[in-house]
Amino acid sequence: MLSYKIGRNGISPLVTTVILVGFVVAVIAIVILWGRDFIQEKAQKSGALEEVAQDCLSIDIRVETEVGESGIFVYNEGNVPFEGLIIRQHCIGDTLAETKIYHAVDVGQSLQLVRADVACGAKVTLPAVLYNDANRFELIPAKRPSGRGAPLVPCSDAKEDVKLS
């Protein structure tokens, strides 16, 4: 009868060690490359936010109400332009509505905001952005960092409160 001897030889320990070391080196290289890009991106964003924070120190707004209190003029009296305005509108019944306006206001220029004939929370467009049933407004100028899709960053130190009847 024929018998076959089955060998119990596998991969040699040297080949196993070389494969394992190569795998570990590849994983470490991937982590380092990803980490470097991640850290560079974080540093760029942090630098852009730092610039915005410095610019916010130079923003100064003055607010005047229109005759008959149908609207508000926002004047930029600071040293730098701002790219938008965040308006927190306090409506009847303790409802708070926030409206973001992406409209640049250069130094020495103004922005007119008028009452819209809509209730709190409705969609509004410039210049009619003030809700008819709101009686108090917080106007916060905002800067926009450089970069694609960057959101408005509020400059809270330059905030102005306005009450209309």
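C91 is buried, at 7% relative accessibility, where buried means under 20% relative accessible area, exposed means over 50%, and partly exposed is in between (1.4 Å probe, protein chains only). Its disulfide partner is C120, which counts as partly exposed at 22% relative accessibility. This is a predicted model, with residues numbered from 1 along each chain as its sequence is written, and local features need pLDDT of at least 70. Side-chain atom pairs count only at pLDDT 80 or more, while totals for chains, interfaces and linings use all residues, and side-chain values use heavy atoms, with hydrogens and water left out.

**Disulfides**

- A search of the whole structure turns up 2 disulfides, a disulfide being a pair of cysteine sulfur atoms within 2.5 Å.
- The sulfur atoms of C91 and C120 sit 1.3 Å apart. This pair links distant parts of the chain, 29 residues apart: C91 is in strand β3 (residues 84-91), and C120 is in the loop between β5 (110-116) and β6 (128-131).
- Strands (E, at least two residues) and helices (H or I, at least four) are DSSP runs, numbered from the N terminus.
- C56 and C155 make another disulfide, with 1.9 Å between their sulfur atoms. Here, too, distant parts of the chain are linked, 99 residues apart: C56 belongs to helix α1 (residues 13-56), and C155 to the loop between β8 (153-154) and β9 (160-163).
- The C56 and C155 link is left-handed, with -55° about the S-S bond.
- C56 counts as buried at 14% relative accessibility, and C155 counts as buried at 2%.
- Counting bonded cysteines along the chain, the disulfide pattern is 1-4, 2-3.

**Nonpolar core**

- The largest nonpolar core has 28 residues, and I72, V74, L85, I87, L113 and L139 touch the most other members.
- Such a core is a set of buried Ala, Val, Leu, Ile, Met, Phe, Trp, Tyr and Cys residues joined through side-chain atoms within 4.5 Å.
- At least two residues of this core come from each of α1, β2 (71-76), β3, β4 (95-101), β5, β6 and β7 (134-143).
- Leaving out residues up to four places away in sequence, L85 touches V74, T99, K100, I101, L111, L113, L139, I140, P141 and L152; contact means heavy atoms within 4.5 Å.

**Surface patch on the nonpolar side**

- L20, F23, V24, V27, I28, V31 and I32 form a nonpolar patch on the surface, and together they have about 670 Å² of accessible area.
- Patches are made of residues with over 30% relative accessible area and no salt bridge, with nonpolar side chains (Val, Leu, Ile, Met, Phe, Trp, Tyr) joined within 5 Å and like charges within 9 Å.
- Accessible areas come from the Shrake-Rupley method with a 1.4 Å probe, and for residues only the protein chains shown count as cover.

**Around E64**

- E64 lies in strand β1 (residues 61-65) and counts as partly exposed at 35% relative accessibility.
- E64 touches G71, I72, F73 and Y75, with residues up to four places away in sequence left out.
- The C-alpha atoms of E64 and V74 are separated by 6.7 Å, though the two residues are 10 apart along the chain.

**Salt bridges**

- The structure holds 8 salt bridges, each a side-chain nitrogen of Lys or Arg within 4 Å of a carboxyl oxygen of Asp or Glu.
- K143 and E83 meet through their side chains in a salt bridge (3.3 Å, N to O). K143 is in strand β7 and E83 is in the loop between β2 and β3, so this pair ties together parts that are 60 residues apart in sequence.
- K143 is buried, with a relative accessible area of 7%, whereas E83 is partly exposed at 25%.
- R88 and E138 also meet in a salt bridge (3.6 Å, N to O). This pair links distant parts of the chain, with R88 in strand β3 and E138 in strand β7, 50 residues apart.
- R88 is partly exposed at 27% relative accessible area, while E138 is buried at 8%.
- E138 meets R136 in a salt bridge as well (3.6 Å, N to O), and R136 counts as partly exposed at 27% relative accessibility.
- Salt bridges that share partners join R88, E98, R136, E138 and K159 into one network.
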